[in-house]
Amino acid sequence: MSDATPSPVQPAPAPRSARRTLGSIVLGFEVIVVFLAALVIWGLAPTENSTWDLPPWVALAAGGVLILGLVITIGLLRFSWGYIVGWVLQVLIIAAGVLNPAMIIVGALFGGMWWYGMIAGARIDRDRTATADPGKEQE
């Protein structure tokens, strides 16, 4: 005979935002691509007579800072201003096209995925809210 009392049933936690999930996925894959791009830019950097007169390790350092920003932004997506930081990072990745023109294409692709994730995620979240509580989507 046990003396265990039944615990009260706790409500299920709210589902995670689809916008946040899609944003995290895009930023996570972007970390890998930026790491590889930093290695490429570092490997292609001329050691003498460079256009920018920067040492080759600057590409690795800048890539590392960008990667750190991407990883931190994944955690910041719980705040509404975290999405603005995500947009800023997308612009910085496109701006990396100054160092390697292929980064313009990479940045545009990931920027497009980020844009689509924000639009589709917001729509999914709106639909979930409308289904769960029909009067709440008007707020």
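How closely do the axes of helix 3 and helix 4 come, and at what angle do they cross? Let's work towards that pair together, starting with the whole chain.

**Start with everything shown**

You are looking at a predicted model, in which local features need pLDDT of at least 70 and side-chain atom pairs count only at pLDDT 80 or more, while totals for chains, interfaces and linings use all residues. Residues are numbered from 1 along each chain as its sequence is written, and side-chain values use heavy atoms, with hydrogens and water left out. Colour by secondary structure and you will find four helices and zero strands; helices (H or I, at least four residues) and strands (E, at least two) are DSSP runs, numbered from the N terminus. Of the 139 residues, 28% count as buried, meaning under 20% relative accessible area (1.4 Å probe, protein chains only).

**Select residues 81-95 and 102-132**

These are helix 3 and helix 4, whose axes come within 7 Å and cross at roughly 160°. Axes here are lines fitted to C-alpha atoms, for helices over the stretch in contact, with angles running from 0 to 180 degrees between N-to-C directions. Helix 3 and helix 4 are therefore roughly antiparallel, the word for angles over 145 degrees, whereas under 35 counts as roughly parallel.

Now show side chains. On helix 3 the contact (heavy atoms within 4.5 Å) includes Tyr83, Trp87 and Ile94, and on helix 4 the residues include Phe110, Trp114 and Trp115. By class, this contact has 11 nonpolar, four polar and no charged residues. Ala, Val, Leu, Ile, Met, Phe, Trp, Tyr, Cys and Pro count as nonpolar, Asp, Glu, Lys and Arg as charged, and the others, Gly among them, as polar.

Pick out Arg19, Arg20, Leu27, Glu30 and Val34 of helix 1, which meet Tyr83, Gln90 and Ile93 of helix 3. The residues here divide into four nonpolar, one polar and three charged.

**Zoom in on Glu30**

Leaving aside neighbours within four places in sequence, Glu30 is in contact with Leu70, Gln90, Ile93 and Phe110. For a last stop, draw a distance from the C-alpha atom of Glu30 to that of Val71: the two residues are 41 apart along the chain, and these atoms are separated by 9.6 Å.

Methods. Parallel < 35°, antiparallel > 145°, perpendicular 65-115°, else oblique. Buried < 20%, exposed > 50% of the residue type's maximum accessible area, 1.4 Å probe, protein only.
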